[in-house]
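Please keep the sequence and the structure in view while reading.

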Amino acid sequence: MDDDIALHGQRSAWLCARLCAELGMPGGQILDIARAAQTHDVGKYQLPPALLNKRSALTPEEFEVVRQHCVLGAQHLGELAEDTLDSSTVAVAVALSHHEWWNGLGYPFGLAGSAIPRCARIVAVVDVFDALMSERPYKSAWSLDATLGYIAQRAGTQFEPDCVDALLACAWDLPATWRTDAQSASLDLLADLASPRLVAPSPSKFVGLWPQDA
Ligand SMILES: [Fe+2]
């Protein structure tokens, strides 16, 4: 499961860079949000593996535990931010708010609309896109058609409509190899998607971010 969390983060970062470019965001912001997307589920490392690997539906009590990964991740990244991450504000906001819904029915706080940080609204869309397109212990991978249909139906309820439009605009152009492309992309490659003015971050800033690096 640890690998699944890390690879989902890597693919989310790669997709996020494309979606942000589609939204016309400047390069520095693209890299900040992509980097934050990479760590959005870091709080799951603190959950019981048996819950993450469960092959059947979670009970309401189990789901309450899983929901805690947002706050746990934000706390973890906040502690790291003191001396390792420059983009701490974005990373913490994304970890905390990527399960909030545009209509206020998400978690952990039930924020709605513009009260949800924009970076988290963007990551929310790519998070669900990659989750549906991926095999999980409790489900098989969905097709691109089914995934985009699901997300389009939730524009204005779960997701910010502009973010859904941007995903729909770029998702059909994804190469067939996008998953492996994303998993092998380095942060330098992500930087290449951003502004040429951007200076790529030092990899040392990410030491200790994932448990296997510690
Ligand atoms: Fe999550």
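Which residues in H8 meet which residues in H9? Leu144, Leu148, Ile151 and Ala152 in H8 meet Val164, Leu167, Leu168 and Ala171 in H9, where two residues are in contact if their C-beta atoms, placed from the backbone, lie within 7 Å. The residues of this contact of H8 with H9 divide into 8 nonpolar, no polar and no charged; in this scheme Ala, Val, Leu, Ile, Met, Phe, Trp, Tyr, Cys and Pro count as nonpolar, Asp, Glu, Lys and Arg as charged, and the others, Gly among them, as polar.

Before going further, note that this is a predicted model, in which local features need pLDDT of at least 70, side-chain atom pairs count only at pLDDT 80 or more, and totals for chains, interfaces and linings use all residues. Residues are numbered from 1 along each chain as its sequence is written.

**The chain as a whole**

The protein chain has 11 helices and 0 strands, where helices (H or I, at least four residues) and strands (E, at least two) are DSSP runs numbered from the N terminus. Buried residues make up 39% of the 214 residues in the protein chain; a residue is buried if 20 or more other C-beta atoms lie within 10 Å of its own, exposed if 12 or fewer, and partly exposed in between, with C-beta atoms placed from the backbone. Of the contacts in the protein chain with a separation of 6 or more, 68% are between residues 24 or more positions apart.

Helix H7 covers residues 118-133, and its 16 residues should span 22 Å at 1.5 Å a residue, which agrees with the 23 Å between its end C-alpha atoms; the expected span is 1.5 Å times one less than the number of residues. H7 is mostly covered, with 13 of its 16 residues buried.

Two packed helices are described by the angle between their axes and the distance between the axes. Here axes are lines fitted to C-alpha atoms, for helices over the stretch in contact, and angles run from 0 to 180 degrees between N-to-C directions.

| Helix pair | Angle | Distance between axes |
|---|---|---|
| H8 and H9 | about 165° | 10 Å |
| H2 and H7 | about 55° | 10 Å |
| H7 and H9 | about 45° | 9 Å |

Helix H8 (residues 144-153) and helix H9 (residues 161-171) pack at an angle of about 165°, and that makes H8 roughly antiparallel to H9. Angles under 35 degrees count as roughly parallel, over 145 as roughly antiparallel, 65 to 115 as roughly perpendicular and the rest as oblique. The crossing of H8 and H9 is left-handed; a crossing is left-handed if the near helix is turned anticlockwise from the far one by less than a right angle, and right-handed if clockwise.

Helix H2 (residues 27-38) packs with H7 at an angle of about 55°, which makes H2 oblique to H7. H2 passes H7 in a right-handed crossing, and Ile33, Ala36 and Ala37 in H2 meet Cys119, Ile122, Val123 and Val126 in H7. By class, this contact of H2 with H7 has 7 nonpolar, no polar and no charged residues.

H7 also packs with H9, at an angle of about 45°, which makes H7 oblique to H9. The crossing of H7 and H9 is right-handed, and the contact is made by Arg121, Ile122, Val125 and Phe129 of H7 and Cys163, Val164 and Leu167 of H9. By class, the contact of H7 with H9 has 6 nonpolar, no polar and 1 charged residues.

**Single residues**

Ala37 is found in helix H2, and with 34 C-beta neighbours inside 10 Å Ala37 counts as buried. Ala37 and Val126 are 89 residues apart along the chain, while their C-alpha atoms are separated by 8.7 Å. Leaving aside residues up to four places away in sequence, Ala37 touches several residues, including Gly9, Ser12, Val94 and Val123.

Arg55 lies in the loop between helix H3 (49-52) and helix H4 (60-67), and with 8 C-beta neighbours inside 10 Å Arg55 counts as exposed. Arg55 and Tyr138 are 83 residues apart in sequence and 4.3 Å apart in space, C-alpha to C-alpha.

Most residues other than glycine have a negative phi, and most peptide bonds are trans. The peptide bond from Tyr107 to Pro108, however, is cis, with omega near 10°, and Pro108 sits in the loop between helix H6 (88-97) and H7.
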